Amino acid sequence: MDERLLAAARQAHEQLIEADHAAEVAKAQFHRAVRRLHLSGASLRELAAALNLSHQRVHQIVETAGGGRRWGRRGRLPAELACSFCAQPQRKSRKLVAGPDVYICASCVDVAELVIRSGQAADAPLGPLHSVPDDAVQPRCSFCGKRRHQVTGLAATDDAAICSECLALCREIHSEQLAV
């Protein structure tokens, strides 16, 4: 196998993962911005006209981002969802940030950041949360899919992992205060 071509394919794959992550982040930011506009008083029809989107698409965006004024605090996630790092149910943690089949509560964001900064493992109900070494090849962030060598830090349990970039985004989402 040609090593140069293999290296080029690996680099292209890493770029694809980064581009996918950037696109997902941009999409989430757009959806939150549309929801904020709706929560601040703009009607779905006004938003659709201003953004050159269909009323139905704006409704889907607002619902995906957490819902609008009419259904406010009813919650759009099933009650059985729980933090993938501590198993705390969504109803007790109030807010979970979701990734692909993975969730994290605000307290686990704090713990994971501490683990990455200090390098010291922390006990969690689902097993120890530890910092993944720089030379680890296999572990991936459960939220964005990046491998350890692609990020500045990675905290992991046996079943879930989160990188420092996704932690920063989760912290921002958890700290976001929206008036309903």
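Analyst: We go from the overall layout to helix packing and then to a single residue. Keep in mind that this is a predicted model.

User: How many helices and strands are in the protein chain?

Analyst: There are six helices and five strands. From the N terminus, the order is α-α-α-α-β-β-α-β-β-β-α. Along the principal axes, the C-alpha atoms fill a box of roughly 55 × 45 × 25 Å.

User: What share of the 180 residues counts as buried?

Analyst: The figure is 38%. Take contacts between residues at least 6 apart in sequence: 49% of them join residues at least 24 apart.

User: What is found at the start of α1, and what just after it?

Analyst: At the start, a side-chain oxygen of Asp 2 comes within 3.0 Å of the backbone nitrogen of Arg 4. Just after α1, Gly 41 has a positive phi of about 125°.

User: How do I read the packing of two helices?

Analyst: Two packed helices are described by the angle between their axes and the distance between those axes. Here, take α2 (residues 44–51) and α3 (residues 55–64). Their axes come within 8 Å and cross at roughly 110°. Angles of 65 to 115 degrees count as roughly perpendicular, so that is the label for α2 and α3.

User: Which residues meet between α2 and α3?

Analyst: From α2 come Leu 44, Arg 45, Leu 47 and Ala 48; from α3 come His 55, Val 58, His 59 and Val 62. By class, this contact has five nonpolar, two polar and one charged residues.

User: Which elements do the buried residues of α1 pack against?

Analyst: They pack against α2, α3 and α6 (164–175). The buried residues of α1 are Ile 17, His 21, Val 25, His 31, Arg 32, Val 34, Arg 35, His 38 and Leu 39.

User: Arg 32 is on that list. Why does Arg 32 count as buried?

Analyst: Compare its accessibility with the cut-off. Buried means under 20% relative accessible area. Arg 32 has 10%, so it counts as buried.

User: What is Arg 32 in contact with, leaving aside neighbours within four places in sequence?

Analyst: Arg 32 contacts Ala 65, Leu 169, Glu 172, Ile 173 and Glu 176. Arg 32 itself is found in helix α1.

How values were computed. Residues numbered from 1 in each chain as written. Predicted model: local features only at pLDDT ≥ 70, side-chain atom pairs only at ≥ 80, totals over all residues. Heavy atoms only, no water. Axes fitted to C-alpha atoms, helices over the stretch in contact; angles between N-to-C directions. Helix = DSSP H or I, 4+ residues; strand = E, 2+ residues; numbered from the N terminus. Parallel < 35°, antiparallel > 145°, perpendicular 65-115°, else oblique. Contact = heavy atoms within 4.5 Å. Nonpolar A, V, L, I, M, F, W, Y, C, P; charged D, E, K, R; others polar. Buried < 20%, exposed > 50% of the residue type's maximum accessible area, 1.4 Å probe, protein only. Polar contact = N/O pair within 3.5 Å; in protein donor to acceptor, adjacent residues only side chain to side chain.
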